[in-house]
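Here is a short report on two elements of one protein chain. Please have the sequence and the model open as you read.

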Amino acid sequence: MCRNLGTALSVPAIISAAVAATAAQKISYNRDIRPVLSDNCFFCHGPDQNKRKGKLRLDVREEAIAKLAIVPGKPDESKLIQRIFTTDTDDLMPPPESHKTLTPEQKQLFRRWIAQGAEYQKHWAYVPPVKPSVPTGRNGIDFLVQKRLKEIGLQPSPEADRRTLARRLCFDLIGLPPKPEEVAAFQEDKSPEAYARLVENLLASPHYGERMAIGWLDVVRFADTIGYHSDNPRNIWPYRDYVIRSFNENKRFDQFTREQLAGDLLSNSGLEQKVGSAFNRLLLTTEEGGAQPKDYEARMLTDRVRAVGTVWLGQTIGCAQCHDHKFDPITSRDFYSLGAFFADIKEPIIGRREDGMLVPDQKQAAELAKLDSEVTRLQREYEAPRPELAERWEKAALEAIAAETNWTLLAPEKMISEAGVKLTVGEDRIISTEKDPKDGKDTYRITVKTNWNSVVGFRLEALSAAKLPGHGPGRAGDGNFILTEFSVEDANTNRIILSEATATFEATGFPSSSTLDGQQEGKNGWAIKGVTGVEQAIYFAVKEPMVNEGESSVTFVIQQTGGGNQVLGRFRLAATTNPSAVRAPKTALPRPEIVELLKVAAKERTEDQKQKLAAYQRSAAPELIDERHRVADATKARTDFEAAVPHCLVSVAADEPRTVRTLPRGNWMIESGEIMQPALPAYLTTSARHAHDRRLNRLDLAEWIVSRENPLTARVFVNRLWKQFFGTGLSKVLDDFGMQGEPPVNPELLDWLACEFMDSGWDVKHLVRLIVNSHAYKQVSTASKQLQTRDPYNRELARQSRWRIEAELVRDNALSIAGLLVPKIGGPSVKPYQPDGYWENLNFPTRTYEADRGESQYRRGLYTWWQRSFLHPSLLAFDAPSREECTAERNRSNIPQQALALLNDPTYVEAARALAARILTEGGGDTTVRIKWAWQQALSRAPRADEMSTVHALLDKHLAEYRQDTQAAESLLKVGLSPASKDLDPAELAAWTNVARVILNLHETITRS
């Protein structure tokens, strides 16, 4: 038997309260019995048939009764009661080896429950929420909170003061501290609408979306890197901006859900919806060459299922990957049928992710449209029919084909690349290179055996190929090459004299004759720039016909010293004994498929054949060089501009989805499992949902998730939202609404919020507005001794709570107070200061961290580069998650490292210096006034007398030290990229910097109260 640790900590307290509450009332299965059964019994007697002992199920009433474990109304005849009360360790349940025990109170609870009839209830989270009645005109939150408080004999706390409310609202709604003048204006505004007006102003702020996005990005595991192995970057940040924009525009949550799960499948799918579908690409992936595809295909499926379970359902569905869930009615079939919804996503299983879809802003989209129009216009001009050119080229091509009988293709016996590039021989004796030479230059030595007589010429054909840059024949980016020098040696390395060179095409300044001029360096030689992507050839005449006696060998030396990878990528050699064939024809022998098309009579060619011939002819036409250059230049301009436009991984549906099988024990190597089709979780659907004429898709899943039929989604979202504004969810375990989770302390309130959310049309701002305008939200966060004793964790909401703000907001707070914060919304992720060497173990490739300069250094923490395996250390110090898994709730620690980060991280040291400069230039003329000014900037209040005296002493101490040690002052003031003011006394600025460091380090500075 296993125990959920979080539940183990909370259940005893709940049960103790339940025992007291039920002594004189009917015992509730959901409230009183199920938590004990789930924690102690369901592991062996629950939903998982593979682990079930004695064929006994205690989670199903009929089966428990059939086995006489429960005899309703007769506890003494019930085997359950006999086994939990026995003193015989062999019969005792839970068994001693499980290390679980029931308290006497819990045992009596079972006895009374069975005596009352042992009624079961469906698990609270699987029953659709019903909206409790609330008196007209009352805030439903306050009515239901106060109703609960009255039941347990507690009173709500008074409303907090205006300063506290202003700071609370600002941190909760925009994640930034209020300006002192904003707090003062709110305090002075005595109108009844002042608070509501402040709420509306904050809801309308573009920073509202940033604040709301933090929790969402945690739960969907947004990060800039892939996670596994090399943890390399990927293009995903536009999704983060989509989330911010969605919250700012108050996109309805049901549509927000559809776009993320199936934005690409929506009938009106545009750029916004497709970027939303990047949710499906946020999972961890690998580029490791040795990874097993089936392994990672299974990992990706399980990752997505867990994500849906956490984000929308609040279910630990991942526990059903290897077997049926041990506590909840989730089967392994449910798990894999849910995973099958995502089998249509087109993506590599292993390897680098694609760049993704272009995501231009409005200005970039207009420029792209302009560039596209220009490319289209020039392409149209280039492709305009030119009958005379076509006729002339076809005649020349047919002549080249007819002349091919004069040539013998040479079979290489030995091939050497001086640059060490591997040369291979393929079909038709074609020689290919597999990679670029290291320095962009190379010389090939090709040896062939011969028994020729009367050879009068040689030919080198430069052949195009789709795999080469620009389709070749060269390896330069545009397909060009430069043949610097060409020579032929006999078996004794004696040079065979070549008298003439001619070519099918010569680029300006690169004639074929220069291959025989003896100049072996520089960028001279034969080149074809302007007519690449098609076959070209150079012909060499031998001065004296070659005469051989028996078999011999000849070596062709092909020198290419032009640099820039201007070397041949695909070519072949031939020889002839016909003197009339030695001069180059008007065009080279076309590639084989074009030769076959030319053999078809013109009148019999299909339209497709005509188009292919016309495209090749245009590419081979020297007369169209200028047109090709214009198209190439326009295309390059478009490509260069596109490179600067953001890209984002998005969902694209494949025509054929991957096959999904159940994996016994989760083992990806076992491929005997049942093939699964997409299906909704059986335990949550009251009526089977099938599309008889088609396979269910991700859009069907999204529609069900936000349907009234699904009892979970609204509850799960409002519970997470409640945690943002009260510090703890109504159900504390945010990602588990199953048996091992915690029942809500105020179930009526949770259901009212869920129903109100759906009734409003899934309006998130409406829900936020309701929460922050409630008296429950506006209460003081201080507690009387009685309240602290009765409700130490504030679960009953008789007061507000206080907590340290999130990691990103700690940084934002410091930069804002210092006046350094750049409030720009959205854009690529940024890299704040980070310790040197922190990334030293990032490999494949190795990387160094380059901190951003300029405004990017002072952006909000939300935009920090999220490296999953090496999260930014300052974020890590304040409990930000790595986002390798969906995180519904962050840990909240209070440890010494956090104070050290605030004192020593260059971001906070620089912020302290900037705040110190503000104190000296804006804070007034004397020390007391300056301290008061600084306190207002950071805490929105005046300092107490003890604080004032402490800071005075601190300032005097440091000022004296820096007067004595100017070098120390200068060293401190050099921290950070922003320059220190030269108009301020360095010693004074350094002393005030230390004061500012203390202010930024105060518990109150980083606490939302």
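The notes below cover the basis of the model, then a strand and its partners, then a helix.

## Basis

This is a predicted model, in which local features need pLDDT of at least 70, side-chain atom pairs count only at pLDDT 80 or more, and totals for chains, interfaces and linings use all residues. Residues are numbered from 1 along each chain as its sequence is written, and side-chain values use heavy atoms, with hydrogens and water left out.

## Strand β9

Helices (H or I, at least four residues) and strands (E, at least two) are DSSP runs, numbered from the N terminus. Strand β9 spans residues 485–489 and is mostly covered. Of its 5 residues, 5 are buried, meaning under 20% relative accessible area, with exposed over 50% and partly exposed in between (1.4 Å probe, protein chains only). Glu485, Ser487 and Glu489 point one way. Phe486 and Val488 point the other way.

## Strand partners

Two strands pair if DSSP finds at least two bridges between them. β9 pairs with β14 (residues 552–560) in the antiparallel sense, over 5 bridges. There, the bridge partner of glutamate 489 is threonine 555.

β9 also pairs with β10 (residues 495–496), again antiparallel, over 2 bridges. Glutamate 489 stands opposite arginine 495 in β10. The two strands form a hairpin with 5 residues between them. Threonine 493, in the turn, has a positive phi of about 60°.

## Helix α16

Helix α16 (residues 332–339) is mostly covered, with 7 of its 8 residues buried. Among them are Phe335, Tyr336 and Leu338. Asp334 is buried too. The cover includes α15 (293–313) and α22 (698–705).

Terms used
Contact = heavy atoms within 4.5 Å.
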